[in-house]
Amino acid sequence: MKVDAIYVHFGELSTKGNNQKQFINCLARNIRHALKDYPTLKIDERRDFILVNLHDEDPESVMNRLLLVAGIQRLSLVYILEKDYQKIASAVVEIMEKEEGHTFKIKAHRVDKTFPISSMDLSAKLGGEVLRNVKRFKVDVHNPDVLMRVDIKSSGAYLYCHERIGLGGYPLGMNGKVTTLLSGGIDSPVAAYSLIRRGIKVECLHFASPPYTSEAVLDKLVDLLEVLSAYQEDIRLEVIPFTKLQEAIYRYVAEPYCITIMRRMMLRIAARCKEKNHALGIATGESIGQVASQTLESLGVINEVTNVPILRPLATSDKIAIINEAKRLGTYEISIRPYEDCCTIFKPKNPKTKPSLEEARFYESKFDYETLIDEAVANSYSIYIRNGAIIKDERNQDE
């Protein structure tokens with residue numbers, strides 16, 4: 001038998017109630033876009049699943065591409081038959097003859113109640129067919145080597161044995177777009193991936209401090225975004241020249257408050273970029289308590305500069321979990337390259353873990369930060385990544 005299609009299973013999308021169709025339509029659009037290089041494929045969206053009809057395309061190649069699409073819970077290679085018991089039974093036996101292992105279970109699900117055999121009876125009858133015709137198999141209902149699923153729907157009978165786990169979450173773009181602070185460290189790329197998986201498009205923002213930071217930091221960021229572009233095809237990186245602001249901070253602000261004031265400036269700039277780029281919020285890679293600026297007291301003082309929604313997808317993640325996720329994604333080895341960002345270069349020796357809002361405001365009153373912010377935003381430039389490659393780089397263009 002030849003596999004007919006890839007069966008796309010929903011996870012959280014099935015809980016969306018009256019909005020479910022909107023989510024499914026978005027996922028179908030994203031699947032079509034992801035598979036645009038496969039011209040013979042046909043995408044068939046249904047109320048509770050999506051079928052990718054393969055025709056002559058390579059199933060494994062198509063499957064691997066779909067594993068990068070947010071909103072897909074599980075994927076299965078599926079055989080599609082008429083709702084005829086004898087044809088279903090023959091197909092089950094033929095499929096099981098090719099399967100490896102010694103134990104099996106049949107799990108039938110009769111969605112179409114016009115089919116004359118109940119789910120439980122169909123499971124038992126098909127199990128009997130396998131036992132009679134494939135002698136090496138015996139039943140194990142708890143931990144079988146092969147789990148054969150038979151779904152009886154109004155459109156036909158769907159047979160599949162194996163499932164591969166997708167990204168889950170929501171279809172990309174369904175939950176808007178955010179401006180994401182990207183430092184080049186381990187945390188922020190993992191945070192960006194977490195947002196993408198939740199259906200949020202990311203545009204990235206980096207604060208550069210030449211000559212204190214190396215141009216190699218930007219090359220590292222490009223490599224990180226090339227990895228992330230497997231999950232979001234187009235990503236823009238906006239680079240903010242931050243040197244003058246940082247020099248002013250370290251000239252006018254007591255050292256324990258420097259990191260607090262620096263983060264407040266970053267959020268002010270991020271809020272402007274968010275408005276300029278029509279994003280819905282700001283996101284960071286912060287994790288509660290990981291460093292001095294990420295205590296709840298610090299975050300409260302830092303957040304005070306804006307009422308823009310601030311997402312922190314790693315807020316409750318520990319460092320080991322973040323590192324493991326970075327390794328899985330392929331960003332870890334890039335992130336640990338020895339090129340430091342502005343936060344690391346200007347790191348104070350004794351940062352304040354419980355800063356006072358009044359003192360933060362006092363230090364900011366000592367210099368004209370608004371003019372410096374205006375200048376930094378005006379002199380920003382962008383790098384555009386698509387499908388793992390730079391398509392436009394404004395670094396070397398004249399102002």
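**Close-up 1. P211 in the loop between β11 and α6.** P211 lies in the loop that runs between β11 (201-208) and α6 (216-228); helices (H or I, at least four residues) and strands (E, at least two) are DSSP runs, numbered from the N terminus. The peptide bond joining P210 and P211 is cis, with omega about 5°. This is a predicted model, in which local features need pLDDT of at least 70, side-chain atom pairs count only at pLDDT 80 or more, and totals for chains, interfaces and linings use all residues. Residues are numbered from 1 along each chain as its sequence is written, and side-chain values use heavy atoms, with hydrogens and water left out.

**Close-up 2. H278 in the loop between α8 (258-276) and β13 (281-283).** H278 is a residue other than glycine with a positive phi, near 60°. Its relative accessibility is 67%, so H278 counts as exposed (buried is under 20% relative accessible area, exposed over 50%, partly exposed in between; 1.4 Å probe, protein chains only).

**Close-up 3. N387 in the loop between β15 (381-386) and β16 (389-393).** Phi of N387 is also positive, near 50°, in a residue other than glycine. N387 counts as partly exposed because its relative accessibility is 48%.

**Close-up 4. The largest nonpolar core, with 55 residues.** A nonpolar core is a set of buried Ala, Val, Leu, Ile, Met, Phe, Trp, Tyr and Cys residues joined through side-chain atoms within 4.5 Å. I31, V52, V150 and L159 have the most contacts inside the largest core. Helix α3 (residues 85-98) gives the most to this core, eight residues.
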